[in-house]
Amino acid sequence: MQEGLFVTRQTSDYVPADHPLLPIREILNVALRDMDLLFESIYEERGRYSVPPERLLRGLVLQALYGIRSERLLCEQLGYNMLYRWFVGLSMGEAAWDHSTYTKNRDRLD
């Protein structure tokens, strides 16, 4: 079986219009927008690419809401769960981050 070469769908196409995560995501969007200055002050402008803190926090919200038992399992599910990918802001073509990203960022903020 051969898959199509191009994907014309977005992760939002997989989210039902009445899903309970829709209003939660909107509330989170406002809260994270209010934290933009804080995030900008934490991250260096040079160096290696890092996962945006907004995405990491969205992942932790998912973990709490769905009772996902570990960050390792969360990151695994971000690889294939379209609802989770949409919630954290991953496009269809982006890879999920490694679970160790949470530990590294926690250590940086201590």
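Mentor: Quick ground rules: residues are numbered from 1 along each chain as its sequence is written, and side-chain values use heavy atoms, with hydrogens and water left out. As the model is predicted, local features need pLDDT of at least 70 and side-chain atom pairs count only at pLDDT 80 or more, while totals for chains, interfaces and linings use all residues.

Trainee: What makes Arg55 count as buried?

Mentor: Buried means under 20% relative accessible area, exposed over 50%, and partly exposed in between (1.4 Å probe, protein chains only). Arg55 has 17% relative accessibility, so it counts as buried. Glu94 has 29%, so it's partly exposed.

Trainee: How do you know that α4 is mostly covered?

Mentor: Helix α4 covers residues 71-78; helices are DSSP runs (H or I, at least four residues), numbered from the N terminus. Six of its eight residues are buried, and Leu74 and Leu78 are among them.

Trainee: What makes Leu62 and Leu74 a contact?

Mentor: Contact means heavy atoms within 4.5 Å. Leaving aside neighbours within four places in sequence, Leu62 is in contact with residues including Leu74, Tyr84 and Phe87.

Note on methods: Helix = DSSP H or I, 4+ residues; strand = E, 2+ residues; numbered from the N terminus.
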